[in-house]
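Subject: Structure handover

Hello,

Here is the structure I promised to pass on. Please have it open while you read; my notes follow below.

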Amino acid sequence: QVQLAESGGGLVQPGGSLRLSCAASGSIFRLNFMGWYRQAPGKQRELVASTSDDSANYADSVKGRFTISRDQNTVYLQMNSLKLEDTAVYYCRIVTVIQGEYWGQGTQVTVSS
């Protein structure tokens, strides 16, 4: 069984920063993908950033502002220069070769003045 524990969401003013964390625990075999997604009210869930095989990919809307990093089975999302449109529930997702995919419970990020 694999568990994901997310943390770091909250309320921040435009231009501010937040750092999200997602720690995977349990019996994990060959974890080869870790990513962050977000879903705003009334919108579809979208990929924000991902890391796989030491490479990183970003949505165009967050390039230059967000940075994804990984330390063993924990993935981080450093979010700088936050905008109102970054408000959403953020979810982490991992994929292992053997067990498949897992999603975190989501953490709310609200950017508001």
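Which backbone nitrogen lies 2.7 Å from a polar atom of the side chain of Asp86? The backbone nitrogen of Lys83 does. That is a polar contact (a pair of N or O atoms within 3.5 Å; within protein, one must be able to donate a hydrogen and the other to accept it, and residues adjacent in sequence count only if both atoms are side-chain atoms).

Two points on the source. This is a predicted model, in which local features need pLDDT of at least 70, side-chain atom pairs count only at pLDDT 80 or more, and totals for chains, interfaces and linings use all residues. Residues are numbered from 1 along each chain as its sequence is written, and side-chain values use heavy atoms, with hydrogens and water left out.

Asp86

Asp86 sits in the loop between strand 8 (74–79) and strand 9 (88–96). Strands here are DSSP runs (E, at least two residues), and helices are H or I runs of at least four; both are numbered from the N terminus. Asp86 is buried, because its relative accessible area is 1%. The cut-offs: buried is under 20% relative accessible area, exposed is over 50%, and partly exposed is in between (1.4 Å probe, protein chains only). Leaving aside neighbours within four places in sequence, Asp86 is in contact (heavy atoms within 4.5 Å) with Arg38, Arg65, Phe66, Ser81, Val109 and Val111.

The chain as a whole

The protein chain has 0 helices and 11 strands. Its pattern along the sequence is β-β-β-β-β-β-β-β-β-β-β. The radius of gyration is 14 Å; a compact globule of 113 residues would have one near 13 Å, so the two agree. That radius is taken over C-alpha atoms, and the globule rule is 2.2 Å times the number of residues to the power 0.38. The C-alpha atoms fill a box of roughly 45 × 25 × 25 Å along the principal axes.

Buried residues make up 42% of the 113. Take the contacts between residues at least 6 apart in sequence: 56% of them join residues at least 24 apart. The accessible surface (Shrake-Rupley method, 1.4 Å probe) comes to about 6100 Å², and 45% of it belongs to carbon and sulfur atoms.

On charge, there are 10 positive and 9 negative side chains. Lys and Arg count as positive, Asp and Glu as negative; His and the chain ends are not counted. The centres of the two sets lie 2 Å apart, with each charge placed at NZ of Lys, CZ of Arg, CG of Asp or CD of Glu.

Arg70

Arg70 belongs to strand 7 (residues 66–71). It is partly exposed, because its relative accessibility is 36%. Its side chain has a polar atom 2.7 Å from the backbone oxygen of Gln72. The backbone oxygen of Leu31 is 3.5 Å from a polar atom of the Arg70 side chain. Beyond four places in sequence, Arg70 is in contact with Leu31, Met34, Thr51 and Val75. Its C-alpha is 9.9 Å from that of Ser50, 20 residues apart along the chain.

Ser21

Ser21 is in strand 3 (residues 18–26). With 18% relative accessibility, Ser21 counts as buried. Its contacts outside four places in sequence are Ala5, Glu6, Ser7, Trp36, Val75 and Tyr76.

Asp53 and Asp54

Check the backbone here. Asp53 has a phi near 50 degrees, positive in a residue other than glycine. Asp54 also has a positive phi, about 65 degrees, and is not a glycine. Asp53 lies in the loop between strand 5 (46–52) and strand 6 (55–58), and Asp54 lies between strand 5 and strand 6 too. Asp53 is exposed at 69% relative accessible area, and Asp54 is exposed at 82%.

Val89 is in strand 9 and is partly exposed, at 22%. Outside four places in sequence, Val89 touches Tyr37, Arg38, Gln39, Gly106, Thr107 and Gln108. Val89 and Gly9 are 80 residues apart in sequence but 8.6 Å apart, C-alpha to C-alpha.

Ser112 follows strand 11 (107–111). Ser112 is partly exposed at 36%. Its C-alpha is 7.1 Å from that of Leu11, 101 residues away in sequence. Leu11 is also among the residues that Ser112 touches, with Val12, Gln13, Pro14 and Leu84, not counting those up to four places away.

Best wishes
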